[in-house]
Amino acid sequence: MSTSQTTQSARPAIVDAVPKDLFVGGSWQQATGGKTFDVLDPATGEVLCAVADASPEDGRRALDAAVAAQPAMAALSPRQRADILTRAFDLLHRRIDDLAALMTAEMGKPLAEARGEIVYAAEFLRHFAGEAVRIDGGYQVSPAGDARFLITKQPVGVALLITPWNFPMAMGTRKLGPAIAAGCASVIKPAPQTPLSMLALIDILREAGLPDGGVNLITCTDAGAVLEPMIRSGLARKLSFTGSTKVGRILLEQCAEKVLRTSMELGGNAPFLVFDDADLDEAVAGALQAKMRNMGEACTAANRIYVQSGVIDEFGRRLAARMAELTVGPGTGDGVQVGPLIDAAALTKVTELVQDAVDRGATVLTGGVQLGGAGYFYPPTVLSGVPRDARMSDEEIFGPVAPLTPFEDEDDAVVLANDTEFGLVSYVFTNDLRRALRMAERIESGMVGLNQGVVSNPAAPFGGVKQSGLGREGGAIGIDEFLETKYIGIAMPK
Ligand code: NAP
């Protein structure tokens, strides 16, 4: 591993330019009492800027603004909604350099990855601009022939959108794209670690022509206190959440009271399976992608790497060599491939998980020792012989740590892969087509990568089974999460 760690990472000018207030009813407004909280640069631990800290009353104002705007949003023609999304797509691309610098400053990912996320985020807007004008319906003759059925789709109503810090913009467009395309007004709340990318995105949607109140944004430090009354008010008809399973469970309970529609994109514990017939170089390249994208801070990150016993030593050698070559440092640094973790708590958790695995018998092939200095850096790490009872077999690592465990055959691999409460994504590397399909059918996950280490694509349905969530984002069905189906029966006596 090479490090290009410095105590300073450049503070881009866009940090000052981006709005820092709440966006309510089409205007930027301070939080009650002018309250703010600090946003930190994870590469240095230093304060970047302060943004508004909403109170429950501010949350309610934002919700009321969305309720007031809902008729106007529903009245926009599909083409008008598509045009707003297309203009926002163009603006994201035009400002990609500034937006990438902003994202790296608040989240830490290397600039190249930040640019990649903005392209990915923009793609959701383009995708749903297409879906907005393809919302379908139906006309059907009743089985007895004495009636006709008209089937139409309508916006579900006001949506509450809650996003995490790991993909500060894409998790926003993955919700705002379909919400706007469907004609739903919304209130969005980003994570407090990374509000700046969302503030910039909302300003772009304003500029793209979204009606006042069509999207409202609140930033806050006490999410539970601000969001719970909004959810329980029943004024919103939909909650779309991306975050941990623990918080997802709490929100599902709150939504039950007024029976809100929910979409839950929750935690993962992805198994990554390598069979002895796989192309090992491809499997190592896939593991690097599946593990190291976003420094391992992804719900889709390979969390458990199972390798068939005949090839595990060679796979471990090659993976450790590639991981050791990665350059760690502030995301703004030249050639940096691995940025800092999001905060001190994340660094502590990763360190503890590695220590726990080692205490239970795992061997460190590379990394495994915290880097000193400022910022929350952890080195790319490969562990072999990670036992089933290690904490990281059950918990999301959310860091650059690849734990290797051997398996014997397909049945063994399926048992290991499915031995988790999660079911977001799995990866299978094999050159045997039938084996690949058998595994894809037997593994309990919403998505499967066959011989590929990244599955995320705005045109594909993203989501999990078991405790990884409910519903799908993206793809042709992503817009349905924000639509209600209405059936109109028409008597047609013979
Ligand atoms: P988190 O702690 O669950 O927080 C997610 C968001 O929910 C944040 O904005 C958070 O704000 C807010 N929140 C927390 N408690 C809340 C409450 N009681 N009421 C309303 N909002 C609340 O997750 P995270 O640490 O930010 O993100 C990492 C997790 O997200 C991982 O588990 C990862 O797998 C998952 N994730 C899933 C997907 C997917 O598509 N399945 C994608 C990305 C990430 P505060 O921070 O202020 O509490």
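What lies 2.5 Å from a polar side-chain atom of Glu396? Select Glu396 together with the ligand, and you will find an oxygen atom of the ligand at that distance, a polar contact in the sense of a pair of N or O atoms within 3.5 Å. Taken alone the ligand exposes 890 Å², of which the protein buries 86% (Shrake-Rupley areas, 1.4 Å probe).

This is a predicted model, in which local features need pLDDT of at least 70 and side-chain atom pairs count only at pLDDT 80 or more, while totals for chains, interfaces and linings use all residues. Residues are numbered from 1 along each chain as its sequence is written, and side-chain values use heavy atoms, without hydrogens and water.

Next, select Lys189, where a polar side-chain atom lies 3.0 Å from an oxygen atom of the ligand, and then Leu266, whose backbone places a polar atom 2.7 Å from a ligand nitrogen.

Now widen the selection to the 29 residues around the ligand (those with a heavy atom within 4 Å of it); by class, this shell has 17 nonpolar, 8 polar and 4 charged residues. Finally, colour by domain: domain 1 (11-266 + 470-486) and domain 2 (270-456) each give the shell at least three residues, with bounds from an automatic or database domain assignment.

How values were computed:
A polar contact is a pair of N or O atoms within 3.5 Å; within protein, one must be able to donate a hydrogen and the other to accept it, and residues adjacent in sequence count only if both atoms are side-chain atoms. Ala, Val, Leu, Ile, Met, Phe, Trp, Tyr, Cys and Pro count as nonpolar, Asp, Glu, Lys and Arg as charged, and the others, Gly among them, as polar.
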